[in-house]
Amino acid sequence: MDYILTARSLGKRYRNFKALDDFSIHVPKGAIYGFVGKNGAGKTTFIRLICGLQEPTDGSYMIYGIENTDPGISRCRRRMGAVVETPSIYLDMTAEDNLKEQYRIIGLPSFDSIPGLLRLVGLENTGKKKAKHFSLGMKQRLGIAIALAGNPDFLILDEPVNGLDPQGIIEVRELILKLNREKRITFLISSHILDELSRLATHYGFIDSGHMVKEMSAAELDAACRKCIRVQVSDIQALTRVLDKMALEYSICSDTMADIFAKINVTELALALAEQGCDIISLNEREESLESYYVNLIGGGNHHE
């Protein structure tokens, strides 16, 4: 597989605190890589390292196959764009002027591509409106436009939907999918809003306490997030007797509900329960959410969905 970004045995220490510890990652070319971890797990530290804002204490990483100690790494970084923590925008400027400023900073000779870039992120009709009057979603999209100024093929977004309203979340999600499909841009997206990530990501990396716990594809995650049948009944004791007799795996959710982790013959179950004087009130298919999978993976203690 062709990887845009890899790291091995990467470490970052601040005095006695290890922000990253023997950390590894593999981001495939063309992926939308969901970088999952709690606040303080080490996500932003890693992003700051690969953006060249800090140096690692141990180990190494590679961008486009170039090692971080290679003098050519800075040239590689020109092919990257990043929005770390909050978008770097000038609030007293229009969207167009913000982009002109970025073009000047990175030394682009012409502003000809700015209207197309504004159109790409859905900000072509903002005219003379200053960025301070933009919604949070518009500011985030402008931040992405600024990150796209150098025409990168790898974008790093740190918590891109944090604080956005539902409409803003949808706009940013659609923009990411569009850039990935149409422009073939690879994404590394750090987030703790897992439900949103699951609508985007093709690959995942789960980080905890500065260490990569697991990397997997979306297909592997789908297989790991077990499907189950949630059944509500009039008599939970009768249900457990029947399920034990049928040798099916289940877990009790409440005094009327249980999850059954198996394919079941509904008619057979209903008849067996009827014999015990028990009615099925409702029955629906569910699957383990990304969030509950993640909590089980890193051992998050008590978790209530």
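How many Å separate the centres of domain 1 and domain 2? The answer is 46 Å, taken over C-alpha atoms. This is a predicted model: local features need pLDDT of at least 70, side-chain atom pairs count only at pLDDT 80 or more, and totals for chains, interfaces and linings use all residues. Numbering starts from 1 along each chain as its sequence is written, and side-chain values use heavy atoms, with hydrogens and water left out.

Start with the division of the chain. Domain 1 covers 3–217 and domain 2 covers 228–286; such bounds come from an automatic or database domain assignment.

Now take an open sheet. Its 4 strands run in the order β2-β1-β4-β5, with antiparallel pairing. The edges are β2 (17–28) and β5 (66–67), each of which pairs on one side only. Strands (E, at least two residues) and helices (H or I, at least four) are DSSP runs, numbered from the N terminus. Two strands pair if DSSP finds at least two bridges between them.

Helix α1 (residues 43–50) lies across β1, β2 and β4 (58–63). Its direction makes about 115° with β1. Axes are lines fitted to C-alpha atoms, for helices over the stretch in contact (heavy atoms within 4.5 Å). Angles run from 0 to 180 degrees between N-to-C directions.

Move on to β13, residues 257–260. Strand β11 (residues 227–233) runs antiparallel to β13, joined by 4 bridges. Gln232 stands opposite Met257 of β13. Strand β12 (residues 250–252) also pairs with β13 in the antiparallel sense, over 3 bridges. Here Ser251 has Asp259 as its bridge partner. A hairpin of 4 residues links β12 to β13.
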